[in-house]
Amino acid sequence: MATATLGTGGPTLQASERQMVLPTNLLTGIVLAAVGYYVGVQIGNGFGFNDGLNTGVLLGYTFGSVMFLVGVGFANYPLARLFGWPIAPQSAGDEYRGAWRFLNLSLDHKVIGIQYLVAMLMAMFFGGIGAMLIRTNLLSPDQLVVPPDKYLVLVSMHSVMMIFVASAAIVGPFGNFFVPYMIGTNRMAFPRLEALSFWLVPPAIVILLAAPLFGGFPTGWTGYAPLSEQAGQGFDSYIVGFALIGTALCVSGVNMLTTVISLRAPGMTWTRLPIFVWGVFSASILGTFAAPILASAVIMQGFDRSMNTSFFISSNGGSPYLWENLFWFFGHPEVYIFILPAFGIVMELIPHFARKPLWGYRTAVVGLLGVTLLSWFVWQHHLFVSGIAPALRPFYMFSTEMISIPTGIVFLVAFGTLWRAKISMTVPMLFCLGFLFNFLIGGLSGVFLSDVPSDVTLHGSYFSMAHFHFTIVGGEIFAIVAAIYYWFPKMTGRMLNMTLGKIHFWWMMIAFNLAFMPLFAAGILDMPRRVSTYAPSLQGLNDWVSFWAYLLFASMLLFAVNVIWSWFFNPKVAPADPWHVRSIEWTLPTPLPRRNFERIPTFTSGPYDYGNPSPRPAADLGSEPAPA
Amino acid sequence: MTGPTRTHALRLLIAWAVLSVVGVLLALQLRLPPGDQSQQSIDESGLLQLMTVISTPVFIGVVLFVLYSVVVFRQKRGALEDGPPSYGNFRVQVAWVAITAVIVLILAGIGIGELAGRANGTNFASSNQPSLATTGSVGTTEANALQIQVIAQQWYFTYRYPDYAGVESLHLMLPVNANVVIHVTSTDILHSWWAYELGVKADANPGVDNITYLTTLRTGSFTVRCAELCGIWHGNMVDTNGAVVSQADFATWVADLQKSSANVTLPPYSQYYFPSPRVKGT
Amino acid sequence: MSVDEPVPPPFAHRGMPTLTTRSPEWEPEVDARLARVGTRIWIVADVFFFAAWFFAFFYLRALNNNYDWLPAGTTHPTRAIGAIIVLLAIVAAGLYWAGARAIVTQRATARLFFWLALLAGVLCFVVQIYEFKNLGFDPQQGGGFPSVFIGLKGVWLFQLTGAMFWLATQIAQARPLGDATIRPKSVVTFGNFMLFLAAIALVSYVVLYFV
């Protein structure tokens with residue numbers, strides 16, 4: 001071998017990518033982001049447009065984000081290419097050690113998984129504080145804690161932040177971390193795109209958190225157009241934030257799809273793919289192809305606000321309907337980006353803790369792909385009363401109700417797996433069962449909303465708000481928490497405290513249901529969404545909800561204490577296979593070696609072959625033990 | 001089916017049947033809003049109740065199954081046994097998909113049936129343009145429906161009666177036992193006109209005539225709210241003074257309204273309105 | 001091992017561990033396959049991106065809100081300039097495509113073709129900017145068509161700029177031991193994206209100038 005460029009450390013940065021003119025790291029990124037922001041604002045305000053202030057903020061955010069990425073190190077690879085420097089496929093070793101590694105650009109999918117996990121938990125905390133302030137304001141129908149404009153800012157911040165979290169909180173941490181293990185590969189297809197998909201998230205969150213400095217924005221996460229054109233500079237945060245998140249979804253999807261399609265180990269056929277990988281795969285299909293629509297739509301908003309085009313101004317030849325169509329054409333696949341990987345987690349965990357094969361594996365895959373396909377044909381059910389194409393409403397009603405067929409398959413598969421199984425009531429399993437209960441309520445209430453005549457009453461009311469909180473919080477967040485309890489030992493090398501976990505589950509389950517169940521009633525009793533004042537007769541109900549919402553938040557704080565304590569203050573290293581399950585990631589040592597597999601495994605059976613009279617190995621990892 | 005499987009299945013089936021019957025009977029006792037002030041609210045209440053009745057056995061079935069499995073099919077403490085290696089039962093899967101498909105088809109059939117009925121607010125034939133009639137006539141037949149224009153703006157609704165020379169009111173007054181065609185539009189941003197007790201909701205868009213239908217059945221007041229986020233005072237965009245009154249009272253009221261607005265100059269009536277074009281580049 | 005084995009990067013960094021063994025998953029063949037699959041997915045995603053703009057075109061045109069799709073005094077831009085832009089985009093893509101296929105056998109020809117493609121792309125950019133400067137209408141005066149025209153052409157131009165940057169890096173790497181030489185199949189794959197951009201230019205030309 002003529003050279004020594006190729007190494008053993010997994011996909012990591014090479015020397016020319018670490019240092020160009022400046023050493024590229026997080027601090028450089030922050031400094032350059034500030035410089036970029038300042039330059040963007042100056043250029044924008046100098047363009048001489050009528051409302052140059054929006055142009056300034058938009059350009060400031062955009063330049064700031066780009067310069068942040070440059071400072072973190074994303075420009076080094078393309079610039080090294082441009083200068084004609086040698087590009088070795090990879091090199092070994094990481095630039096940084098210890099915690100500093102996690103704060104800097106890394107191309108290791110394990111590091112990116114951890115980065116995503118921490119960022120998502122922090123963003124969820126911000127969004128949760130927003131929820132608490134909203135509930136505080138709703139303690140009284142007229143005595144406002146914050147004035148109505150600030151209240152709308154709170155609602156919008158909470159919603160957009162939680163949408164950011166929900167769209168990336170499974171594929172980001174767990175998809176990036178575990179998909180390469182589950183399909184048996186040492187690399188991601190495009191590690192730089194994978195890293196980019198993470199590093200776009202911090203600027204998006206910071207830009208969103210900056211919105212209140214510019215007066216916030218009053219539109220909620222839907223950003224409906226003429227109101228958004230009325231809004232001040234705060235709405236520019238929405239535009240750039242969603243553009244960044246949309247780009248992140250798209251590039252992460254390209255990476256994930258290519259990885260799963262092209263890098264499966266020998267024997268890892270499509271019918272042996274763990275169901276979690278199928279969930280991530282189908283969500284990535286939606287993310288890759290729906291997010292560009294969102295990007296286009298927010299760019300139109302940006303043009304309308306900075307260059308005075310009139311995409312959404314009806315007096316000038318535009319139409320608010322254009323935004324509603326584009327937004328929901330993205331927006332409905334988006335909600336399945338939330339829930340499909342959650343289905344994947346639940347269907348992955350139930351066989352392991354029921355110690356039975358996943359019942360009806362192929363049907364489950366058909367169900368996931370069926371949801372993926374159908375989700376493109378339902379977006380106008382958000383617009384049943386909008387007046388867009390009323391004659392098409394029967395079609396969208398039918399396609400929406402069709403989705404309950406593949407969703408029902410998920411329940412069937414869970415049932416079949418639980419039937420005559422040997423169930424261990426571990427904490428992850430508790431959260432999976434909680435998911436089944438909450439998502440059942442969320443799904444059934446969705447049927448109420450899918451029917452046009454009943455939707456006329458329920459649309460835009462607290463009923464629909466309760467519906468999507470049951471599916472996203474009760475569904476996706478429960479699945480995320482299950483996944484954290486389940487995979488935390490493998491990701492961090494520490495077990496979470498399971499006694500606290502059991503307390504957390506019951507506390508969260510009860511508080512969640514008691515907080516959100518009454519909101520269905522509030523919706524049926526004439527309470528529209530996003531109002532800062534409401535009918536005095538509903539005060540008792542709202543106070544009840546606020547009380548349990550506080551307790552729900554407290555249960556998440558308990559979880560945070562558990563995570564922080566177990567991760568940083570618990571010296572005991574977790575066993576390699578604490579759950580005694582067959583999935584391949586648990587056959588590897590803890591802590592995980594830098595290089596995933598010393599030898600690429602050969603899969604000889606599926607991951608769920610419990611109770612098989614002649615048990616076969618899930619993967620042939622070779623005769624020599626993997627080094628510790 | 002083998003012995004233990006049959007026992008488990010029978011137990012579950014019986015428990016499910018009994019609980020479902022109880023649940024459905026309880027669900028049938030519910031009187032769900034929006035009520036009976038219009039044909040639309042009666043239809044919607046009925047539909048909401050029907051959905052509740054259909055959902056009840058599904059809900060009970062899932063919860064019962066999961067609870068039963070969790071209690072009966074437990075791993076022994078400290079043991080690590082595998083369950084039976086069953087990978088799926090084709091007939092059960094087909095049956096499950098078929099049953100859900102049938103339920104979906106029934107629901108869709110009901111929904112489409114309700115939509116096809118003209119009273120439920122589709123405009124398959126959107127020929128009901130408000131013509132500015134000068135002589136008032138309260139529409140008691142479908143062909144002669146009362147036309148109402150709802151104009152939304154930040155942060156209140158205005159009602160125009162094109163059948164009565166386009167007079168304006170800030171509160172909606174409707175005659176009982178009348179077919180009403182409601183044209184919802186906006187002069188600034190998106191709103192949504194929601195007459196809760198009447199069971200109608202329609203988005204107000206600038207430059208759009210969004211049509212919905214209503215048949216009033218009972219006198220009484222109703223609440224109108226905005227159901228689409230429209231800025232700071234969205235929550236305060238409420239009017240509790242809407243009312244369905246007798247035909248005679250309505251005639252008196254509208255005559256008074258016409259008299260009092262004889263000297264008021266109103267903007268010309270239009271099917272919809274555009275906000276004044278944004279002056280650009282100046 | 002062939003002589004084309006990559007040499008170590010000249011900018012060695014302090015604390016860099018010694019590199020020892022070769023890992024099979026980073027072979028150029030693997031990268032080529034991934035690039036092929038990934039580019040196809042990326043192109044489909046980009047189809048969705050542009051679909052939004054074409055949807056905006058036809059939707060606003062059909063609605064013609066306030067009779068302001070084509071405001072009074074607004075005319076379609078000159079078709080000749082539009083045709084030049086499309087032709088330059090097609091020429092750039094074609095030259096790149098031809099060059100990429102020659103990169104293994106005739107590297108000098110490939111580089112020449114790449115340079116010409118870059119020239120065509122930059123010219124395309126310049127002509128597009130010229131067209132923007134001399135439109136004859138201003139989106140600030142309202143109108144659906146001016147908005148969509150500026151928007152669609154603007155986002156296309158942005159992507160063209162990105163593609164030209166990548167093309168420049170391919171030129172820089174199309175030398176002995178350069179990345180484009182080591183992974184020739186990845187170079188070919190990028191041509192698909194160039195062709196895709198040219199196709200979008202063609203479709204938008206038909207839509208924006210003739211419909």
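Colleague: Which residues have the most contacts inside the largest nonpolar core?

Modeller: Bear in mind that this is a predicted model. A nonpolar core is a set of buried nonpolar residues joined through C-beta atoms within 7 Å, and the largest one here has 333 residues, with A:V346, A:A482 and C:L197 having the most contacts inside it. Helix α14(A) provides the largest share of this core, 23 residues.

Colleague: Leaving aside its neighbours within four places in sequence, what is A:V346 in contact with?

Modeller: With those neighbours left out, A:V346 is in contact with A:A414, A:C432, A:F435 and A:A479.

Colleague: How many residues of chain A are in contact with chain B?

Modeller: The size of an interface is often given as the accessible area lost when the parts come together. Here the description is by residue contacts instead: 80 residues of chain A are in contact with 84 residues of chain B. Several helices of chain A each supply at least two residues of the side that touches chain B, among them α7 (148-168), α14 (320-354) and α18 (427-450), while the largest share, eight residues, comes from α17(A). By class, that side of chain A has 44 nonpolar, 26 polar and 10 charged residues.

Colleague: Within chain B, how many residues of domain 1 are in contact with domain 2?

Modeller: Chain B is divided into domain 1 (1-71 + 107-116) and domain 2 (146-260), and the C-alpha centres of these two domains of chain B lie 36 Å apart. Nine residues of domain 1 of chain B are in contact with 13 residues of domain 2 of chain B, and the side of domain 1 that touches domain 2 has one nonpolar, six polar and two charged residues.

Colleague: Which residues of β6(B) point one way, and which the other?

Modeller: In a regular strand the side chains alternate between the two faces of the sheet. In β6(B), B:H191, B:W193 and B:A195 point one way and B:S192 and B:W194 the other, and all are buried; the strand, residues 191-195 of chain B, is accordingly described as mostly covered.

Notes: Residues numbered from 1 in each chain as written. Chains lettered and ligands numbered in written order. Predicted model: local features only at pLDDT ≥ 70, side-chain atom pairs only at ≥ 80, totals over all residues. Domains from an automatic or database assignment. Contact = placed C-beta atoms within 7 Å. Nonpolar A, V, L, I, M, F, W, Y, C, P; charged D, E, K, R; others polar. Helix = DSSP H or I, 4+ residues; strand = E, 2+ residues; numbered from the N terminus. Buried ≥ 20, exposed ≤ 12 C-beta atoms within 10 Å, placed from the backbone.
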